[in-house]
Amino acid sequence: MKTNIYVLCGGKSVEHDISLKSASAIMNAIDREKYNVYPIYITNEGVWCNLGLLEEKINAPDELRRTTSSTVSFSIGEFLTKVLNNSEKNLVIPALHGPNGEDGTIQGFLELLDIPYLGNEVLSSAVAMDKVMTKDLFSKYNIPQVKYLSFRLHSWQENEEDAYNLVENEIGYPCYVKPSNGGSSVGISRAENREELKSSFKEAFLYDRKIIIEKEIVAREMQISVIGNNHPKASVPGEFIMERPFFDYNAKYIDGKLIPVIPARLEPEVSDKVRETAVKAFKILNCHGLARVDIFVTDENEIFVNEVNTMPGFTAVSMTPVLWGATDGTTYAELIERLIQLALERYNEKKVIVNTR
């Protein structure tokens with residue numbers, strides 16, 4: 001009997017469109033001899049739409065979009081009663097980026113349903129999604145990172161001038177202002193003076209009620225993919241040639257101006273240190289399955305962990321699959337299969353836990 005794989009895509013997130021790209025590539029790569037593939041499109045309002053058994057490959061991500069007059073609760077109920085067959089072998093791939101997908105919410109739902117799913121669990125997803133929580137945790141374990149401050153919406157609204165003064169005194173310019181929860185550079189701005197700082201605060205607070213301000217350092221950003229459960233391994237580091245100080249959403253996904261360099265231009269001992277740090281960060285966050293760890297490396301070979309993505313972009317040309325191809329020759333389809341097996345391994349491992357006395 002084939003295993004049914006339900007691929008969740010879209011979602012109530014500013015990274016909705018990126019999710020469709022990742023999901024399309026994932027579904028096209030899944031071995032149809034072993035698995036039945038069912039796309040589940042989630043609208044921008046959070047309504048679930050069952051697209052049925054996928055017979056053909058997806059030519060364009062927009063093919064997954066649907067419109068519906070259903071409600072969130074009814075659509076999820078319909079998925080549970082009419083689509084999900086608990087008497088069969090099932091697995092969920094939450095190909096969702098950002099809030100309501102990568103932040104532990106969908107993972108908690110799947111835990112309640114007792115269904116194996118690909119990727120990280122509730123705790124690691126939630127903590128890694130919150131940049132402030134991640135940095136606070138890394139501070140406890142002496143993970144190197146740039147100086148940062150955080151602000152909540154209400155405290156900023158009560159006294160804006162105090163917030164700006166604190167940033168100027170503790171962080172200085174230039175600095176980056178980011179929503180604490182989010183990804184794909186949405187809502188992130190670079191500030192070089194007080195006026196830019198004010199507008200950056202306003203922009204970031206559009207996307208979250210908590211923001212983080214980080215000191216800018218002169219460094220190159222490395223991306224390392226970490227895969228595994230109990231014995232995670234790191235890929236070779238990769239980097240992008242920087243044509244501008246900061247790559248926003250358009251630069252990453254629309255302009256096509258990112259030029260990857262894999263392996264990254266690092267001395268062997270620095271590359272090893274970066275990989276070891278990535279695995280350490282993965283373990284501290286209690287990650288399972290996969291994550292992409294972004295690390296800054298200065299000209300003096302100092303390293304600073306930037307962030308951890310628990311469900312990184314997953315198109316055929318995204319860093320995660322490309323990095324593994326350069327590391328050990330793993331193909332995109334092989335990587336998907338490897339992650340599916342890690343999900344099943346983790347699920348079976350947890351099944352032996354005793355829940356009664």
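Asn 100 is partly exposed, with a relative accessible area of 40%. Partly exposed means between the two cut-offs: buried is under 20% relative accessible area and exposed is over 50%, with a 1.4 Å probe and protein chains only. Asn 100 is found in the loop between strand 4 and helix 3. Its phi is positive, about 70°, although it is not a glycine. Most residues other than glycine have a negative phi.

The model is predicted: local features need pLDDT of at least 70, side-chain atom pairs count only at pLDDT 80 or more, and totals for chains, interfaces and linings use all residues. Residues are numbered from 1 along each chain as its sequence is written, and side-chain values use heavy atoms, without hydrogens and water.

Asn 286 also has a positive phi, about 60°, and is not a glycine. Asn 286 lies in the loop between helix 10 and strand 13 (289–297). With 36% relative accessibility, Asn 286 counts as partly exposed.

Now follow the chain into helix 3. Which residues of helix 3 are buried? They are Ile 106, Gln 107 and Leu 110, in a helix that runs over residues 105–113. They cover an arc of only 100° around the axis, which puts them on the same side of helix 3. The arc is that of the directions from the helix axis to the C-beta atoms. An α-helix has 3.6 residues a turn, so residues three or four places apart point the same way. The buried residues of helix 3 pack against strand 1 (3–10), strand 3 (48–50), strand 4 (90–94) and helix 4 (122–129). A contact here means heavy atoms within 4.5 Å. After helix 3 comes Asp 114, with a positive phi near 60°.

Two loops hold cis peptide bonds. One joins Tyr 173 and Pro 174, with omega about -10°. Pro 174 is in the loop between helix 7 (160–170) and strand 6 (175–179). Another joins Ile 262 and Pro 263, with omega about -5°. Pro 263 is in the loop between strand 12 (259–261) and helix 10 (268–284). Most peptide bonds are trans.

Step back to the whole chain. It has twelve helices and 14 strands. These are DSSP runs, numbered from the N terminus: helices are H or I with at least four residues, strands are E with at least two. Of the 357 residues, 52% count as buried. Among contacts between residues at least 6 apart in sequence, 67% join residues at least 24 apart. The C-alpha trace spans about 60 × 55 × 50 Å along its principal axes.
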